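Visitor: I would like a close look at one part of this model. Please take it slowly enough that I can follow along in the viewer.

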Amino acid sequence: MAQGYGVATSVNHEFWWLRYLDWLITTPLLLLDLALIAGIDVWDTFALLVADVLMITVGFVAGNPDYGHTWECFAVSMAFFLLTLYIIGEGMLEHADDPNTSEEKERLMKTLLWLTVLIWCTYPLYFVLEYSGVIKHNPAHRCLLVLLYGLSDVLAKAVFGFILLLNDDILHVAMPTGVTENIPMVTYNQPTVYSSQGVQ
């Protein structure tokens, strides 16, 4: 994006549409990781992903100056943002505070949760700085904005994934509530073996 790719230029503003496409792909996967780790209910997980997609979609409309509803859509997107954080926060903390959860896993889950919450809160801050005119649209400020978004992306995704990989043995995936009891058990009969002495 620093080279000018993934941007649409209007009369008064540059709209970086490519970052919204990136978020639409990566953030549901990240949230799904957290939901599976915490064993969040299937319907709550579905609501979590829907809220995330709506947050990004409405944020896309807010960021596009051609629609002319920047701050109204930003407020709606923030409502979905807070709903997303509430669902994932409640589910993660409930599982972390479970008596059956080890102290090491509890600490790691809370680390992942707060890393996600704190870094995600930087995105609306950048949006406000950009669209309120604090960060001007000149080459120097464009690079600053790309670096800020890039730094948050690295922390929210790459560092998050690195922590998951390092602690894979501790943060095992929990089956969401309501799934295991609905999986039918399939049994197979011992196959009949034929030989020269007859049926075995």
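At what angle do α1 and helix α2 pack, and how far apart are their axes?

Guide: One caution before the answer. This is a predicted model.

Now the pair itself. Helix α1 covers residues 17-38, and helix α2 covers residues 42-63. The two pack at an angle of about 165°. Their axes lie 10 Å apart. An angle over 145 degrees counts as roughly antiparallel, so α1 is roughly antiparallel to α2. The crossing of α1 past α2 is right-handed.

The protein chain has six helices and four strands. Read from the N terminus, the order is β-β-α-α-α-α-α-α-β-β. There are 200 residues in the protein chain, and 38% of them count as buried.

Stay with α1 and turn to its surface. A nonpolar surface patch of about 590 Å² is found here. Its members are Trp17, Leu18, Leu21, Leu24, Ile25, Leu29 and Val53. Helix α1 gives the largest share of this patch, six residues. Take Leu24 as one example. Leu24 sits in helix α1 and belongs to the patch. Its relative accessibility is 37%, so Leu24 counts as partly exposed.

Side chains of opposite charge can pair when their charged atoms come close. The structure holds five salt bridges.

Start with Asp153 and Lys157. They form a salt bridge, with the closest N and O atoms 3.5 Å apart. Both residues lie in helix α6, residues 139-166. They are four residues apart, about one turn of the helix. Their accessibility puts them in separate classes. Asp153 has a relative accessible area of 18%, so Asp153 is buried. Lys157 has 23% relative accessibility, so Lys157 counts as partly exposed. The cut-off for buried is under 20%. Asp153 and Lys157 also belong to a network: salt bridges that share partners join them with Asp22.

Next, look at Lys110, in helix α4, residues 103-120. The Lys110 side chain meets that of Asp97 in a salt bridge, 3.3 Å from N to O. This pair links distant parts of the chain, 13 residues apart. Asp97 lies in the loop between α3, residues 70-96, and α4. The Lys110 side chain also meets that of Glu106 in a salt bridge, at 3.1 Å from N to O. Lys110 and Glu106 both lie in helix α4. Four residues separate them, about one turn of the helix.

Asp97 stands at 48% and counts as partly exposed. Glu106 has a relative accessible area of 22%, and is partly exposed.

Back to the starting point. Helices α1 and α2 pack at about 165°, and α1 carries the largest share of the nonpolar patch.

Definitions and conventions: Residues are numbered from 1 along each chain as its sequence is written. This is a predicted model: local features need pLDDT of at least 70, side-chain atom pairs count only at pLDDT 80 or more; totals for chains, interfaces and linings use all residues. Side-chain values use heavy atoms; hydrogens and water are left out. Patches are made of residues with over 30% relative accessible area and no salt bridge: like charges are joined within 9 Å, nonpolar side chains (Val, Leu, Ile, Met, Phe, Trp, Tyr) within 5 Å. Accessible areas come from the Shrake-Rupley method with a 1.4 Å probe; for residues, only the protein chains shown count as cover. A salt bridge is a side-chain nitrogen of Lys or Arg within 4 Å of a carboxyl oxygen of Asp or Glu. Buried means under 20% relative accessible area, exposed over 50%, partly exposed in between (1.4 Å probe, protein chains only). Axes are lines fitted to C-alpha atoms, for helices over the stretch in contact, and angles run from 0 to 180 degrees between N-to-C directions. Angles under 35 degrees count as roughly parallel, over 145 as roughly antiparallel, 65 to 115 as roughly perpendicular and the rest as oblique. A crossing is left-handed if the near helix is turned anticlockwise from the far one by less than a right angle, and right-handed if clockwise.
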